[in-house]
Amino acid sequence: MTPGPGKLPPASSAPTVMGVVSRHPGQSHWEKDYDRCARQDVMTIELNHTIVHSRDKRAAAAFLAGLFGLPNPVAWGPFLAVGVANQVTLDFYDSDAEIASQHYCFLVGEDEFDQIFGRIQAQGIPHWADPGHDKPDEINTHDGGRGVYFDDPSGHNLEIITRPYGDSR
Ligand SMILES: [Fe+2]
């Protein structure tokens, strides 16, 4: 039976995605959907790369690689690629058009957080505990981890976290 609008099916008949059922029966519908989305085993589908429109791709790629302690950017056609641990590359691209700020979040280890946040502080990079930039010079402790937001040179809203969203549920 299909539930009506706004009604949830009983937990035992809740739809599954790729055969994975939420491990957190006390969650709201939204939380369950997010949990399934973020944690399911989707076999061979992985994000491989994304293009990061930038005012100056060299400055932007060097900013990220330097701040995160990553290998130097690699030129690939018109792009400068910076790779992270799960083999995703951020392909920085010069754009003359107005750049719409995007959000990029990176899951980092505790040691990496210390190193990156240390560089943020040492370089005087403005940072906030929240995505709306209402809490300057703070970090957050969501999900029992640590998180902080800061902008890249093109105005993209970057975030580092040590625990994935919802990890404490
Ligand atoms: Fe985020």
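How many bridges join strand 5 to strand 8? The legends below take up this point after an overview of the predicted model.

**Figure 1. Overview of the protein chain in the predicted model.** The chain holds three helices and eight strands. Along the sequence, these elements follow the pattern α-β-α-β-β-β-β-α-β-β-β. There are 169 residues, and buried residues make up 20% of them. Take the contacts between residues at least 6 apart in sequence: 48% of these join residues at least 24 apart.

**Figure 2. Confidence along the protein chain, with residues 1-23 in view.** The average pLDDT of the chain is 85. A score of at least 70 is reached by 81% of the residues. Over residues 1-23, the pLDDT is below 50. This stretch has 18 contacts in the model beyond near neighbours in sequence.

**Figure 3. Helix 3, residues 110-122.** Helix 3 has 13 residues. Glycine 124 follows the helix. The phi of glycine 124 is positive, near 65°.

**Figure 4. Strand 5 beside strand 8.** Here is the reply to the opening question: five bridges join the two strands. Strand 8 covers residues 157-161. The two strands run parallel. Histidine 103 stands opposite asparagine 157 of strand 8.

**Figure 5. The hairpin of strand 7 and strand 8.** Strand 7 covers residues 147-151. Strand 7 pairs with strand 8 in the antiparallel sense, over five bridges. Aspartate 151 has asparagine 157 in strand 8 as its bridge partner. Asparagine 157 also stands opposite histidine 103. What lies between the two strands of the hairpin? Five residues do. Glycine 155 sits in this turn and has a positive phi of about 95°.

**Figure 6. Strand 6 beside strand 7.** Two bridges join these strands. Strand 6 and strand 7 run antiparallel. Histidine 127 stands opposite phenylalanine 150 in strand 7.

Technical notes: Residues are numbered from 1 along each chain as its sequence is written. This is a predicted model: local features need pLDDT of at least 70, side-chain atom pairs count only at pLDDT 80 or more; totals for chains, interfaces and linings use all residues. Helices (H or I, at least four residues) and strands (E, at least two) are DSSP runs, numbered from the N terminus. A residue is buried if 20 or more other C-beta atoms lie within 10 Å of its own, exposed if 12 or fewer, and partly exposed in between; C-beta atoms are placed from the backbone. Two residues are in contact if their C-beta atoms, placed from the backbone, lie within 7 Å. The expected span of a helix is 1.5 Å times one less than its number of residues. Two strands pair if DSSP finds at least two bridges between them. pLDDT is the predictor's confidence in each residue, from 0 to 100.
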